[in-house]
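Open the model in your viewer and keep the sequence panel beside it. This tour goes stop by stop: select, look, move on.

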Amino acid sequence: MSKKSYSSKKVQDLTGLTVCTLRYYDKLGLLHPVRQPESNYRLYSEDDLDAIQQIMIFKEMGFKLKTIKKILTEPTFDLDHALALQLKLLTKQKSNLEDLITNVKQTIKMRKGEEKMDDTKKFASLKKAVANNEKLYGRESRQKYGAEVIEKSNEQLSKMTEAKFNELKEIETQLVNHLQSVLKNPEKEPELGYEIFSEHQQWLRIIMPNYSLKIHLGIITAYENDSRYQDYYDEKAGNGATRLLVKIVKENLEKEKI
């Protein structure tokens with residue numbers, strides 16, 4: 001049975017994507033339309049539509065196009081396996097989102113005086129996030145840093161008070177602001193470099209009671225080599241933020257004789 005082909009207009013109608021987006025995906029090599037000999041119009045295959053579905057799902061999950069391209073062009077890429085994995089991750093995201101919605105609704109009621117919300121309720125969703133993070137990265141983290149380090153870190157997070165959580169967010173905000181300042185004005189690096197290192201160190205000390213400079217080096221090396229960590233600071237502070245953070249932290253750790 002011959003496979004179907006779809007015009008650009010039909011693909012736009014089916015997917016909601018613009019012609020510019022489709023052409024951009026073509027240019028990146030994510031799609032492989034053929035040209036009609038008589039009209040030179042693009043025709044997309046069923047495989048192209050499968051690829052578009054994958055692109056849209058991965059983008060919704062927060063993946064960048066360069067990462068999506070690596071996934072889809074990998075010779076061992078298995079669509080059935082990818083869909084099963086996506087379903088699993090999306091189900092977890094849905095659960096996390098529902099918990100956060102419940103948490104925010106309870107907070108609104110509390111602020112209106114309609115409901116009393118104790119610390120246990122405030123941090124129920126945060127504790128669940130710790131548990132989900134453990135499922136996703138627990139084994140990998142234990143291999144890198146040791147089981148005791150991760151267990152104590154998880155325990156610290158699960159017992160975190162509202163005051164300590166607010167302190168954590170405040171430190172992260174300062175860190176992101178300083179990274180943005182240096183990205184915009186590189187000449188500020190000598191002035192703000194140690195502050196950036198110190199803020200990242202403070203942030204880690206809060207979530208890791210057995211913090212050490214050696215652990216800090218291991219974590220910052222993970223930022224350097226793992227796209228999940230790279231994306232985190234780049235999305236918050238701008239492109240190049242993670243690379244800048246890694247450079248500054250390594251320089252300061254070297255001064256500490258690591």
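Helices (H or I, at least four residues) and strands (E, at least two) are DSSP runs, numbered from the N terminus.

Before going on, some ground rules. This is a predicted model, in which local features need pLDDT of at least 70 and side-chain atom pairs count only at pLDDT 80 or more, while totals for chains, interfaces and linings use all residues. Residues are numbered from 1 along each chain as its sequence is written, and side-chain values use heavy atoms, with hydrogens and water left out.

**Whole chain**

Show the cartoon. The protein chain has 13 helices and three strands. Of its 258 residues, 33% are buried. Buried means under 20% relative accessible area, exposed over 50%, and partly exposed in between (1.4 Å probe, protein chains only). The accessible surface is about 16,400 Å², and carbon and sulfur atoms account for 53% of it. Those areas come from the Shrake-Rupley method with a 1.4 Å probe; for residues, only the protein chains shown count as cover.

Select residues 5-7, 34-35 and 42-45. In what order do the three strands lie in the open sheet? The order is 1-3-2, with antiparallel pairing. Strands 1 and 2 stand at the edges with a single partner strand each, so one side of each has no neighbour in the sheet. Two strands pair if DSSP finds at least two bridges between them. Strand 2 and strand 3 are joined by two bridges. Zoom in on Arg-35: opposite, in strand 3, stands Arg-42.

**Helix 2**

Select residues 19-28. Show the side chains of Leu-22, Tyr-25 and Asp-26, which are buried. They span an arc of only 105 degrees around the axis, which puts them on the same side of helix 2. The arc is that of the directions from the helix axis to the C-beta atoms. Cys-20 and Lys-27 are exposed on the other side. The cover over the buried residues includes helix 1, strand 3, helix 3 and helix 4. Contact means heavy atoms within 4.5 Å.

**Helix 4**

Move to residues 65-73. Which residues of helix 4 are buried? They are Leu-65, Thr-67, Ile-68 and Leu-72. Their arc is only 155 degrees around the axis, which places them on the same side of helix 4. Turn to the other side to find Lys-66 and Lys-70, both exposed. Helix 2 and helix 3 (46-60) are among what covers the buried residues.

**Aromatic pairs**

The structure holds three aromatic pairs. Rings of Phe, Tyr and Trp (its six-membered ring) pair if their centres lie within 6.5 Å; planes under 30 degrees apart count as stacked, over 60 as edge-to-face and the rest as tilted. Select Phe-58 and Phe-63: the centres are 5.1 Å apart and the planes at 70 degrees, so this pair is edge-to-face. Phe-58 is buried, at 6% relative accessibility. Phe-63 is partly exposed, at 30%.

Last stop: Tyr-223 and Tyr-233, a tilted pair with 5.6 Å between centres and 50 degrees between planes. Tyr-223 sits in helix 11 (residues 213-225) and Tyr-233 in helix 12 (residues 227-237). Both are buried.
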